[in-house]
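Subject: Structure handover

Hello,

Here is the structure you were expecting. Please open it first, then read my notes alongside.

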Amino acid sequence: MAEPAAPRPNSTLYSIPGASVASTAPAAAPPDPVAAARSVAEVLALSQVDAVFADLDRDLVGLAPVKQRIRDIAALLVVDKLRLNAGLSAHTPSLHMSFTGNPGTGKTTVALRMAQVLHRLGYVRTGQLVAATRDDLVGQYIGHTAPKTREVLKRAMGGVLFIDEAYYLYRPENERDYGQEAIEILLQVMENQRDDLVVILAGYAQRMRTFFESNPGMRSRIAHHLDFPDYSSGELLLIADRMLDSMNYQFSPGAREAFAEYLARRRSQPHFANARSVRNALDRIRLRQASRLFSQAERVLSRTDLTTLEPQDIRASRVFDGGVA
Amino acid sequence: MMTNPTGRLTQGQFSFLPDLTDAEITLQIVYGLKRNFAWSIEYTDDPHPRNTYWEMYGNPMFDLRDPAGVLHELNACRATFPHHYVRLQAFDSTRGVESIAMSFIVNRPKTEPGFQLERQEAQGRNIRYSVSGYAAAAPEGERYHG
């Protein structure tokens, strides 16, 4: 962060004639503990990246290619740190990324984790993630866009800027759209202030492809294109288990099978949004469980009654009648 | 007797020190951000001691957490007004304080001619004093040519 200070232009101005020139060394930056590390294990221990990886493996189901890519990036950053400590040149790698994948595949969650990983490795100064959409970046009249975009960029500096549904920035059907202006400012900062800011663009694969085709400058400045695969049915069930666990619910023995069947039917319907659909389905199942318990006004409800979801809660869904969820 | 031998404007913090480098300015910004101050940038070419309110460059930067944003804005201001005085100010919004907590000059013109003390003889050999900058006679925008 602190560059070697240029010699002061007016250091002689303050010297008393005959006295030695006063030392004007700039304040030293606080020492970085990672700077002394010589092995990968030391860097990992000092930066506690391992803890983030463990969290990543534990909290995120599936997504093997994404996790592998994050490990690769982290490995590069660790080795670069060691190169720097050994006095070799280490270019700050371009860390801008694009996350593509269907709805509900965990793009936002991974972006949050990415901010943590980069922060632990010392590549962004704060672990903050500033999320922005078209509304935050693009103005409504001439001269409105640039200050708005700069404002967001300034706020995100030192951390990660996450632009969700980035393709909305570019509206080819309207050539006077101000989105282009926002993209240009974004590109400029992505290029010139790589040390200060990491930009992550996210969106659905097909539309992101069109976006990159019409903005080749954007594509070439993004080094890492991560594709988020759809979850398998087993993984979705696992996700459901974890969601329920965090909300203090559980499936009764028959209910898990019923939910698996529900997922199989729901998958084949349009607008299936992976983990998000699972969350919504669970919310509706909780509603049905609540009204089932509500109707038994006289019954004393035990802890198990309150936490258990029964098969009939699930089978009451419209999906089982061939309807849309 | 010369009371200000360097002829430099001495207003705000650090003004008797040599100019701060960007790294040192960054450290000050970090200090302010840690205490939840909002940084803002002001510029003027009329640094009369009684000219309290300089022109604002952009809005005060609330909800920033990293010094890079402030420095970025400062460099933009320096590029726009290379021959003006530019200062950084930190606003402390703590209830009951609600005022500027830090203020220091981060850009100054190359030559600073200083101020003249004018004495006016009034009734009964009283003296009235006033201060005027040597550069202030020129119109706004043409005062310090660098």
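Strand β3 of chain B (residues 85-92) is joined to β4(B) by 7 bridges, and the two run antiparallel. One of the pairs to look at is B:Asp92, whose bridge partner in β4(B) is B:Ser99.

Before going on, a word on confidence. This is a predicted model. The predictor gives the complex an ipTM of 0.72 and a pTM of 0.77. Chain B averages a pLDDT of 91, and 97% of its residues score at least 70. Where pLDDT is low, the predicted coordinates should not be read in detail.

Chain B

The β3-β4 pair belongs to an open sheet of 4 strands in chain B, in the order β2-β1-β3-β4, with antiparallel pairing. Its edge strands are β2 (55-61) and β4 (99-107) of chain B, each pairing on one side only. From one strand to the next, the twist averages 20 degrees.

What lies across this sheet? Helix α1 of chain B (residues 22-34) does, over β1 (37-44), β3 and β4 of chain B. The helix runs at about 135 degrees to β1(B).

In total, chain B has 2 helices and 6 strands. Read from the N terminus, its elements run α-β-β-α-β-β-β-β. The C-alpha trace of chain B spans about 60 × 40 × 30 Å along its principal axes. Of its 146 residues, 27% count as buried. Take the contacts in chain B between residues at least 6 apart in sequence: 53% of them join residues at least 24 apart.

One loop residue is worth a click. B:Arg50 sits in the loop between β1 and β2 of chain B. Is B:Arg50 buried or exposed? B:Arg50 has 6 other C-beta atoms within 10 Å, so B:Arg50 is exposed. A residue counts as exposed at 12 or fewer. B:Arg50 and B:Val131 are 81 residues apart in sequence, yet their C-alpha atoms are 9.4 Å apart in space.

Chain A: the sheet

Chain A has an open sheet of 5 strands, ordered β2-β3-β4-β1-β5, and the pairing is parallel. At the edges stand β2 (129-132) and β5 (224-228) of chain A. Each has a single partner strand, so one side of each is left without a neighbour in the sheet. Neighbouring strands of this sheet are turned by 20 degrees against each other on average, direction ignored.

Within the sheet, β3 (residues 159-164) and β4 (residues 197-203) of chain A pair in the parallel sense over 6 bridges. A:Phe162 has A:Ile200 as its bridge partner in β4(A).

Chain A: the helices

Which strands does α6(A) lie across? They are β2, β3 and β4 of chain A, and α6(A) runs at about 160 degrees to β2(A). Helix α8 of chain A (residues 205-214) also packs on the sheet, touching β1 (97-101), β4 and β5 of chain A. The direction of α8 makes about 140 degrees with that of β1(A).

Helix α6 of chain A covers residues 145-156, 12 residues in all. From first C-alpha to last, α6(A) reaches 17 Å, close to the 16 Å expected at 1.5 Å a residue. Its buried residues include A:Lys148, A:Val152, A:Leu153 and A:Arg155. After α6(A) comes A:Gly158, with a positive phi near 85 degrees.

Helix α7 of chain A (residues 179-192) has 14 residues, which should span 20 Å at 1.5 Å a residue. Its end C-alpha atoms are 20 Å apart, which agrees. Buried in α7(A) are A:Glu181, A:Ala182, A:Ile183, A:Leu186, A:Val189 and A:Met190. Their cover includes α5 (134-137), α6, β4 and α9 (216-221) of chain A.

Nonpolar cores

How many residues does the largest nonpolar core have? The count is 79. Those with the most contacts inside this core are A:Ala111, A:Leu118, A:Val160, A:Leu161 and A:Ile200. Leaving aside its neighbours within four places in sequence, A:Ile200 is in contact with A:Met97, A:Phe99, A:Ala111, A:Met114, A:Val160 and A:Phe162. Another core, of 18 residues, lies apart from the largest one, and among its members are A:Ile239, A:Ala240, A:Leu244 and A:Leu309.

Best wishes

Key
Residues are numbered from 1 along each chain as its sequence is written. Chains are lettered from A and ligands numbered from 1 in the order in which they are written. This is a predicted model: local features need pLDDT of at least 70, side-chain atom pairs count only at pLDDT 80 or more; totals for chains, interfaces and linings use all residues. Two strands pair if DSSP finds at least two bridges between them. Axes are lines fitted to C-alpha atoms, for helices over the stretch in contact, and angles run from 0 to 180 degrees between N-to-C directions. Two residues are in contact if their C-beta atoms, placed from the backbone, lie within 7 Å. A residue is buried if 20 or more other C-beta atoms lie within 10 Å of its own, exposed if 12 or fewer, and partly exposed in between; C-beta atoms are placed from the backbone. pLDDT is the predictor's confidence in each residue, from 0 to 100. The expected span of a helix is 1.5 Å times one less than its number of residues. A nonpolar core is a set of buried Ala, Val, Leu, Ile, Met, Phe, Trp, Tyr and Cys residues joined through C-beta atoms within 7 Å.
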